[in-house]
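Trainee: Could we go through this structure together, beginning with the overall fold and then turning to the ligand and the annotated sites?

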Amino acid sequence: MSDFLIAPSILSADFARLGAEVDAVLEAGADVVHFDVMDNHYVPNLTIGPMVCQALRKYGVTAPIDAHLMVRPVDRLIGDFIEAGASIITFHPEASDHIDRSLQLIRSGGAQCGLVFNPGTPLYYLDYVMDKVDVILLMSVNPGFGGQAFIPGTLAKLREARARIAASGRDIRLEIDGGVSAKNIREIAEAGADMFVAGSAIFNAPNYAEAIAAMRAELAL
Ligand code: DX5
Ligand code: ZN
């Protein structure tokens, strides 16, 4: 895997042909499958759960699956996603009653763990768990839907998160999710992100390989 990871969000895929869609983006050069889990409670939308993750594994997907849990409560689903083959599991700290416990549940199940920050959620939730996270995911839109516009203030927040990672001395991925495209990916990377979720910019493009190549070209400049 390269230093920069491209993670298409299957939220914008054709769910009726999900296996083929995942194959297609991986063949087109994606590194990670971003899997958005919404519960119509923590966020105002309803998507897919562990059974679908397991079905993708059974179908033959071997790439890392990045389960982004937009659910409350969190813990009940963690074990299910581990059993279903998720490689990375992230959750929103304000949706968990016991952040440290949720992180431990993910770790002890053998997956990588991380916290997700909505545009209005402060980074101080990281203060006492920096030594326990593998990934920090910053939302650059309010969660619930694909196809929204990138919130510019996220760039300053990325810089702050990158500084926290540098100060920790740990190798922590800084993931960005929402409104990412070839048009803004370079400034997002310059602000410190190294893992890029993109839903509509990839799945709504006529050619997935070209869409991903356009992003990588910006990152290589
Ligand atoms: C939003 C999801 C995102 C979404 C991104 O709640 O977490 O992963 O699918 O979609 P785009 O890239 O279209 O903003
Ligand atoms: Zn997401």
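**Overall fold and binding site**

Mentor: The protein chain has 221 residues, for which a compact globule would have a radius of gyration near 17 Å, and its 16 Å agrees with that; the radius is taken over C-alpha atoms, and the globule rule is 2.2 Å times the number of residues to the power 0.38. This is a predicted model, in which local features need pLDDT of at least 70 and side-chain atom pairs count only at pLDDT 80 or more, while totals for chains, interfaces and linings use all residues. Residues are numbered from 1 along each chain as its sequence is written, and chains are lettered from A and ligands numbered from 1 in the order in which they are written.

Trainee: What share of the residues of the protein chain counts as buried?

Mentor: A residue is buried if 20 or more other C-beta atoms, placed from the backbone, lie within 10 Å of its own, exposed if 12 or fewer, and partly exposed in between. Of the 221 residues of the protein chain, the share that counts as buried is 44%.

Trainee: Which residues are the closest to ligand 1?

Mentor: The shell consists of residues whose C-beta atom, placed from the backbone, lies within 6 Å of the ligand, and by class it has seven nonpolar, twelve polar and two charged residues. In this scheme Ala, Val, Leu, Ile, Met, Phe, Trp, Tyr, Cys and Pro count as nonpolar, Asp, Glu, Lys and Arg as charged, and the others, Gly among them, as polar. Of the 21 residues that surround ligand 1, the closest are Ser9, Pro143, Gly146, Gly199 and Ser200.

Trainee: What is the largest C-alpha distance among His34, Asp36, His68 and Asp177?

Mentor: UniProt, in an unreviewed entry, places the feature "binding site" at these four residues; its positions are given in the numbering used here, feature names are shortened, and annotations may be inferred rather than shown by experiment. Although spread over 144 residues of sequence, they cluster in space, with a largest C-alpha distance of 10.5 Å.

Trainee: Is His68 buried or exposed?

Mentor: His68 is found in strand E3 (residues 65-70). Leaving aside neighbours within four places in sequence, its contacts (C-beta atoms, placed from the backbone, within 7 Å) include His34, Asp36 and Asp177. Because His68 has 27 C-beta neighbours inside 10 Å, it counts as buried.

Trainee: Why do the buried residues of H2 line one face of the helix?

Mentor: The buried residues of helix H2 (residues 50-59) are Pro50, Cys53 and Leu56. Seen down the axis of H2, with directions taken from the helix axis to the C-beta atoms, they line one face because they fall within an arc of 120 degrees.

Trainee: Which exposed residues does the face of H2 turned away from its buried side carry?

Mentor: What covers the buried residues of H2 includes helix H1 (18-27), E2, E3 and helix H3 (75-83). The face turned away from that buried side carries Met51, Lys58 and Tyr59.

Note on methods:
Helix = DSSP H or I, 4+ residues; strand = E, 2+ residues; numbered from the N terminus. Contact = placed C-beta atoms within 7 Å.
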